[in-house]
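Hello,

Here is the structure for your files. My notes on it follow.

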Amino acid sequence: MVPKISTLSGYLYEYQKSIADPTGFWARVAESFYWRKPWTKVLDWDFHKPEVKWFIDGKLNITENIFERHLFLRAKQPALIWEPNNPKEPHRILTYEELYREVNKFANVLKSLGVGKGDRVAMYLPMVPQLAIAMLAVARIGAIHSVVFGGFSARALAERLQDAQAKVLITADGGYRGAKTIPLKQTADEALEQSPSVEKVVVVRRTAEKVPFVEGRDLWWDDLMKDAAEYCEPVEMDAEDPLFILYTSGSTGKPKGVLHTTGGYMVYTAYTFRNVFQYRDGDVYFCAADIGWITGHSYIVYGPLLEGATSVMFEGIPTWPAPDRYWQVIEKYGVNEFYTSPTAIRALLAKGESWPASYEMKSLRVLGTVGEPINEEAWHWYHDHVGKGRCPIVDTWWQTETGGIMISPLAGITPTKPAYATLPLPGIRPVIVDNDGNKLYGKNVEGNLCVEFPWPGMARTLWGDHERYKQAYFSAFPGLYFTGDGVKRDEDGYYRILGRIDDVINVSGHRLGTAEIENAINEHPLVAESAVVGFPHPVKGQGIYAFVVVPDLREELDDELRESLVKGVAKIIGPIAKPDRIQFVNGLPKTRSGKIMRRILRKIVHDSTDFGDISTLTNPEIVDELIAGYKALNG
Ligand code: WT7
């Protein structure tokens with residue numbers, strides 16, 4: 001087990017030590033794992049290049065650290081508790097021993113399909129145990145997994161399959177989400193038409209609907225598993241060998257394949273899991289995220305299982321069949337730590353406090369949030385009605401690229417403050433810089449959030465595009481990792497995340513690039529161009545507001561066109577990217593160089609007219625038209 005902090009003075013002491021001697025600090029954490037060969041050097045780094053390497057020459061397999069390391073003590077302990085979408089369906093418990101067997105068997109299946117070290121295996125699955133099994137099986141044989149969220153469209157899936165040149169895709173006949181069924185295989189088939197690298201498709205049976213099968217390409221999971229051998233030798237990996245790719249949105253249209261490597265990611269997710277949630281042996285931990293996002297990778301699968309925890313995996317949604325689904329799950333399994341998003345909390349808050357009031361949830365000890373800033377109202381509701389005033393809330397700030405939690409209270413140790421992520425974890429050196437790159441020291445400062453020293457969990461590159469990695473994270477402020485977030489440090493030295501300052505919007509904790517959505521809108525033949533900005537949304541945090549230039553505007557067609565644009569975006573990206581509001585306009589505010597001045601659009605959707613200097617606009621007259629149209633549309 002990783003070293004555990006248990007008091008505030010312990011945290012302060014560890015933090016100081018980790019800053020004074022970061023390599024000594026991380027080496028001590030890494031020593032709690034099983035390495036086939038120890039590292040010869042802890043760290044090599046250069047943020048200008050950029051290059052980061054941890055535990056150099058160290059050899060290991062991450063699944064050996066989950067299974068072989070724990071089996072002696074935990075064979076019969078539940079590793080995963082799977083709760084289905086429909087509460088009437090039976091749940092499934094996989095002990096460490098059972099999960100180990102499934103992982104080994106599927107690792108052998110993958111080998112029989114020709115998958116070897118370094119090959120990419122993609123998953124397009126619902127939240128079923130096979131997803132976790134497949135990820136770990138891929139890791140066992142040294143291949144690289146790329147999980148694509150089940151809500152993405154065929155186009156989005158195809159783009160990711162092509163970019164990673166995936167050899168095998170694992171999908172399901174369909175998936176359940178509340179009252180809906182998601183036709184995953186059908187969407188996958190459509191994507192596969194444009195993904196020639198994929199040789200084999202493994203299909204998990206979930207909904208038992210009839211689905212088309214391509215002879216020679218498609219294979220049923222269950223058939224393959226029937227005869228698979230029960231042991232598969234783990235492949236020895238270098239600490240810096242890739243573990244997985246996870247696509248995320250950036251400020252340009254193309255998704256970024258964030259790459260995480262083996263040794264550092266292992267050390268970082270385990271350390272942060274144990275310390276942030278203060279997980280105790282025998283606890284039941286429940287993270288309600290989807291494994292299609294980084295939260296599920298780091299805090300449903302890797303972090304908890306590396307620490308020998310019992311992790312609940314939930315297939316459904318918080319509001320179906322009724323908005324007490326989470327509270328049911330918490331009571332059913334005696335959950336001790338619960339981790340969800342501000343969006344889910346706000347959605348449940350809107351349904352009224354009588355829902356959590358009917359559940360005592362006595363087992364709960366720690367509550368967590370992630371993905372977006374949490375407003376004070378939601379924070380208090382979570383604290384009072386879910387935690388019944390007895391559970392500390394950990395507001396955890398981090399990103400797909402950071403691999404694990406960076407700024408967060410340690411549960412029950414760090415005094416909390418609503419809407420504050422509070423203090424950096426040991427080993428993390430946040431720095432606030434102004435727009436000219438000057439570091440802002442001391443208290444009560446606000447600016448761009450950067451990190452000035454590497455940590456083991458950080459992304460090492462973007463798949464196939466190291467130059468873009470440099471551009472996206474190390475160029476705005478040379479020598480620093482730039483997060484894309486604005487932040488404030490208050491009089492207590494506490495950090496409050498203010499949200500994205502780049503062209504990225506955060507809808508329900510999901511990151512979407514405005515360019516991506518604009519590209520999708522612009523595909524419509526009647527659209528000349530568009531600009532998308534985020535606007536404050538009571539449940540989703542940010543909603544998607546699109547200003548769309550249509551040269552042949554005809555009012556009677558507005559609603560029809562709106563609907564077809566929304567459908568188009570859902571088809572091109574996925575339902576999560578559907579615009580909430582569409583305003584048709586005759587033009588967009590532009591500078592002389594032809595750049596859209598989004599600042600003005602952002603102000604408009606925030607009900608502000610404080611535009612600052614607009615003298616550089618070529619078409620200042622458009623601003624009044626935009627405001628008038630905005631008022632007409634939004635009352
Ligand atoms: C962005 C990263 C980290 C897993 C889920 C999202 C925002 C994340 C917080 C928080 C305020 C937060 C940031 C960040 N964010 N956590 N506790 N408070 N904002 O991962 O899709 O990579 O998005 O989410 O803006 O940059 P992601």
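Domain bounds come from an automatic or database domain assignment. On that basis the chain splits into domain 1 (8-487) and domain 2 (508-634). Their centres, taken over C-alpha atoms, are 33 Å apart.

Two notes on the basis. This is a predicted model, where local features need pLDDT of at least 70 and side-chain atom pairs count only at pLDDT 80 or more, while totals for chains, interfaces and linings use all residues. Residues are numbered from 1 along each chain as its sequence is written, and side-chain values use heavy atoms, with hydrogens and water left out.

First, the domain interface. Domain 1 puts 24 residues in contact (heavy atoms within 4.5 Å) with 21 residues of domain 2. About 1,600 Å² is buried between domain 1 and domain 2 (accessible area, 1.4 Å probe, lost on putting the two parts together, summed over both). Carbon and sulfur atoms give 47% of that area. The two domains share 3 salt bridges (Lys or Arg side-chain nitrogen within 4 Å of an Asp or Glu carboxyl oxygen). Separately, Glu 190 forms a salt bridge with Lys 571, with the closest N and O atoms 3.2 Å apart.

Next, a helix pair. Helices here are DSSP runs (H or I, at least four residues), numbered from the N terminus. H10 (residues 262-277) packs on H11 (residues 294-306) at about 90°, axes 8 Å apart. Axes are lines fitted to C-alpha atoms over the stretch in contact, and angles run from 0 to 180 degrees between N-to-C directions. H10 is therefore roughly perpendicular to H11 (65 to 115 degrees).

Best regards

How values were computed:
Helices (H or I, at least four residues) and strands (E, at least two) are DSSP runs, numbered from the N terminus. Angles under 35 degrees count as roughly parallel, over 145 as roughly antiparallel, 65 to 115 as roughly perpendicular and the rest as oblique.
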